[in-house]
Amino acid sequence: DGGDGGGAGGAGAGDGTRFAKATRFGQETTAAAAASALDDDERAADAEASTAASAAERAALKEKRAKDREATLRALQEQLADASRRLEAQAGERELLAQQLRQLEADFAEEASAAETLERTYLVKRETLKMLPNAPENVKKLQAIIEASSQRLLGLGAEWEGFRKPLVEEIRSLRERRGRRRARCREMLDEMKRFREEMQRMAAELRDKEERAKMLTEEYDAMPKNINRTLYTYRIMDIIQSIAKQKQEVQRIVGDIRSVQRAINTVAERLTRAEVTLVLILAPTLILTLTLTLTPTPGARGREDLPERPGEQPRRGAGV
């Protein structure tokens, strides 16, 4: 239908092009004829002018020639405007015809689809009517097929439950283990955050004490040296020892944070490996189960009459 529509559109475009060419050719022919007539009038006027004796006659002939030329030009312009109007009208008619053609093609496609649907319905009803003369026997056959399909489906449902239960329990166990590991990881992350905050606090205290020690050192250097310096020396040494202890504590906390980070990375790697192992363990079992579920038994007919879920009763007379 699309190809027919495209061909029709191309034919319409070709007709329009030929019509436009013919119109232009007619206009050019008319203009050439008008120009030839004007030339003939001018030559005739020149001949008359050459034979005229007086200047008054020549002026009258020129005026007459100018009037004839204007009249001819007006007539040509009117013809050209008329041709343009006809061309526009024909273009509008061509577009209207193209729209009607597209509508007819759409209607034809819709009717073709309806015809296919009616044909399928007719075939189904014809097969049903063929089965009517021996209806009891055919009904018994259909019931036997439906019963066999139901029993087979129930057996497959029971078999699937036998495979499904241990897998579900294993998945639940793995999810619980993963949840515990994630909780442990969150705890370790919280602990690492606390260590980091404590390290930042101790580093700030260390900077403050270093600044205080520097200030005290400057004050000591500025103090007079003739006084007893033993007490100040003891105080300075005490401050230095306290700073050294704080540095050691900061280094210990940094080491704890690094060990916690390593432990978190180890747990994450184990969790990833466990998930991959679970997928590798469950994939063959799931594939085997789906294969057993989807593989039809020999001699089974009316597969479209199977119920959707295990244990669901089949629809009676669905295959008729």
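User: What makes the meeting of the R252 and D256 side chains a salt bridge?

Analyst: In this predicted model, the side chains of R252 and D256 come to 3.2 Å, N to O. A salt bridge requires a side-chain nitrogen of Lys or Arg within 4 Å of a carboxyl oxygen of Asp or Glu, so the pair qualifies. Both residues lie in helix α4 (residues 230–294), four residues apart, about one turn of the helix.

User: Why are R252 and D256 called partly exposed?

Analyst: The relative accessible area is 43% for R252 and 27% for D256. Buried means under 20% and exposed means over 50%; both values fall in between, and therefore both residues count as partly exposed.

User: How do you know that R85 forms a salt bridge with D82?

Analyst: The closest N and O atoms of R85 and D82 are 3.9 Å apart, which is within the 4 Å limit, so the contact counts as a salt bridge. The two residues both belong to helix α2 (residues 55–131) and are three residues apart. An α-helix has 3.6 residues a turn, so residues three or four places apart point the same way. D82 is partly exposed, at a relative accessible area of 32%. A network of salt bridges links D82, R85 and R86.

User: What is found at R164 in helix α3?

Analyst: A kink of about 25° lies at R164, shortly before the proline P166. The side chain of R164 also meets that of E161 in a salt bridge (3.7 Å, N to O). These two residues are three residues apart in helix α3, about one helical turn. R164 has a relative accessibility of 36% and E161 a relative accessible area of 42%; because each value lies between 20% and 50%, both count as partly exposed.

User: How do you know that the span of helix α3 is close to the expected one?

Analyst: Helix α3 (residues 135–222) has 88 residues and reaches 123 Å from its first C-alpha to its last, against 130 Å expected at 1.5 Å a residue.

User: Where is confidence lowest and where is it highest?

Analyst: Helix α1 (residues 2–51) has the lowest confidence, with a mean pLDDT of 54, and α3 the highest, at 87. Over residues 1–16 the pLDDT is below 50, and this stretch has eight contacts beyond near neighbours in sequence. Residues 298–320 also stay under 50. Where pLDDT is low, the predicted coordinates should not be read in detail.

Key:
Residues are numbered from 1 along each chain as its sequence is written. This is a predicted model: local features need pLDDT of at least 70, side-chain atom pairs count only at pLDDT 80 or more; totals for chains, interfaces and linings use all residues. Side-chain values use heavy atoms; hydrogens and water are left out. The expected span of a helix is 1.5 Å times one less than its number of residues. The bend at a residue is the angle between axes fitted to the seven residues ending there and the seven starting there. pLDDT is the predictor's confidence in each residue, from 0 to 100. Contact means heavy atoms within 4.5 Å. Buried means under 20% relative accessible area, exposed over 50%, partly exposed in between (1.4 Å probe, protein chains only).
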